[in-house]
Amino acid sequence: MNHDSRSYDCDLVVVGASFAGAACALAAARAGLRVVVLERKRDPGEKLRTTGIVVKEAAEQTWLSRAPAGCLHRVERVRLYSPKLRSMALSAPGYYFLTTDTPRLMRWLAQDLVRHGVDLRLGASFTQAERDGEGWRVEGVGRARFLVGADGAKSRVAERTGLGRTHEFLYGIEYEFPGASLPESGALHCFVSKRYAPGYIGWVAQNPTGVQAGLALRHDAEHARVPDIDGFLERVRGVVGLDPAIAPTATRAGLIPCGGPVFPLARDGVMLTGDAAGIVSPVTAGGIHSAWAHGETLGQAIALHALGQGPAPETIARDAAPRFRRKRALRWAFDHFQFDWPFDLLLHSAPLRWAAEQVYFHKRGVRGADAPDSAGELDRSWPRGG
């Protein structure tokens with residue numbers, strides 16, 4: 001290594017054991033670094049703030065491809081609903097999403113960290129860190145060569161070390177309906193509605209253990225709006241076929257950064273990744289993949305530099321952060337020009353299909369149904385993709 005490792009208690013401290021933090025820690029540990037992960041929750045599967053929906057790229061190109069099959073459910077199309085509940089089915093050849101048993105997935109990921117030699121400290125909150133020579137002295141851990149904040153939208157690492165903070169958010173809330181099933185279980189049902197989801201969408205999807213349904217909307221800290229998820233579900237239950245007698249048993253909620261990467265994202269041996277870095281798509285589709293890819297790249301860069309084989313990882317952290325230029329343009333347009341009537345009028349138009357392609361299928365060609373479905377009359381014969 002290009003430093004005296006004996007003067008450090010560990011090579012890397014990662015704060016947060018969600019997707020980006022786990023990706024960073026795994027990459028560094030597999031390269032031989034001594035890695036400590038601080039996770040404030042005692043159970044990685046509790047109090048989740050993610051939908052757990054994984055795009056094809058993450059399912060096939062990351063460590064998540066090793067996830068137990070029993071915690072995954074394949075979804076091969078999107079059904080997009082206008083405010084009047086007319087719908088259009090969309091798919092792309094070979095493309096799919098995975099909905100997950102997210103608590104089980106996060107517990108499996110934590111177990112894999114331990115299996116690969118990571119010192120995972122559950123129930124351990126990050127409180128403070130101070131610059132100490134070329135490293136960082138992290139309270140409760142000791143002296144570390146590098147520090148990575150993967151601790152969410154309100155990152156304490158960013159606050160304590162003077163890095164950039166996220167300022168633009170969506171607020172998401174999601175209900176879980178264990179044991180429930182949808183007639184069209186192979187679709188991600190997405191609802192455009194300024195009434196229920198200004199600035200984003202509502203969704204309903206089958207997962208391995210039941211059904212998840214949620215809303216995300218533009219967040220204004222001074223005039224915070226409480227999402228009317230109960231009103232939303234009352235409106236859409238019949239359309240998607242969710243039994244009205246089934247009540248939710250769990251709720252997830254939290255802030256979703258939507259303003260792009262923060263600045264500064266890295267300096268002097270401390271870096272941010274995932275939500276802490278603003279590395280979430282401004283329209284959120286593919287958020288787990290973006291977080292994982294950046295976290296893994298960061299872990300690899302830290303390992304190479306520590307082994308004397310690569311440039312400063314701070315530079316890599318900044319350069320590898322996706323800019324989301326097109327999706328930020330879509331974010332701006334949706335924030336300023338969202339009206340219900342254009343979605344009803346243009347549901348099957350080329351511009352709307354283009355926007356759906358950018359959001360759901362990441363520039364791939366989209367196939368769509370030619371005729372709209374009326375509310376409650378879903379086209380069950382839509383061909384399965386790939």
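Colleague: Which residues does Y360 touch?
Modeller: Leaving out residues up to four places away in sequence, Y360 touches V78, L80, Y95, F97, C190 and I201, where contact means heavy atoms within 4.5 Å. This is a predicted model, in which local features need pLDDT of at least 70 and side-chain atom pairs count only at pLDDT 80 or more, while totals for chains, interfaces and linings use all residues. Residues are numbered from 1 along each chain as its sequence is written, and side-chain values use heavy atoms, with hydrogens and water left out.

Colleague: And what about the largest nonpolar core, how many residues has it?
Modeller: The largest nonpolar core has 98 residues, and those with the most contacts inside it are V13, V35, L147 and Y360. Such a core is a set of buried Ala, Val, Leu, Ile, Met, Phe, Trp, Tyr and Cys residues joined through side-chain atoms within 4.5 Å, and buried means under 20% relative accessible area, exposed over 50%, and partly exposed in between, with a 1.4 Å probe and protein chains only.

Colleague: Which helix gives the most to this core?
Modeller: That is helix α1, residues 19-30, which gives 8 residues; helices (H or I, at least four residues) and strands (E, at least two) are DSSP runs numbered from the N terminus.

Colleague: What does UniProt say about residues 12-33?
Modeller: The unreviewed UniProt entry annotates residues 12-33 as "transmembrane region", though such annotations may be inferred rather than shown by experiment. In the model the span is 55% helix and 18% strand, and its end C-alpha atoms lie 7 Å apart.

Colleague: Changing topic, how many cavities are there of 30 Å³ or more?
Modeller: There are 3 of them, a cavity being a set of points on a 1 Å grid over the protein atoms alone where a 1.4 Å probe fits but cannot get out. Grid points are joined across faces, edges and corners, and a volume is the space filled by probe spheres set on the points.

Colleague: What lines the largest cavity?
Modeller: The largest cavity holds about 50 Å³ of space, and its lining (residues with an atom within 4 Å of a point) consists of S82, P83, L85, F191, V192, S193, Y196, F232, R235 and V236. Helix α5, residues 229-240, supplies the largest share of that lining, 3 residues.

Colleague: Which residues of α5 are buried?
Modeller: They are I229, G231, F232, L233, V236, R237, V239 and V240, and what covers them includes β5 (77-81), β13 (187-191) and β15 (210-218). After α5 comes G241, with a positive phi near 85°.

Colleague: And the second largest pocket, what is its volume?
Modeller: The second largest pocket has a volume of about 530 Å³, and of the 23 residues that line it, the closest to its centre are L330, F334, F343, L352 and A355. A pocket is an open set of points with protein on both sides within 12 Å along at least five of seven lines. Helix α10 (350-361) gives the most to this lining, with 6 residues.

Colleague: Where is the cis peptide bond?
Modeller: The cis bond joins F263 and P264, with omega about -10°, and P264 lies in the loop between β16 (250-257) and β17 (266-267).

Colleague: Is K47 buried or exposed?
Modeller: K47 counts as exposed, at 68% relative accessibility, and its phi is positive, near 50°, in a residue other than glycine.
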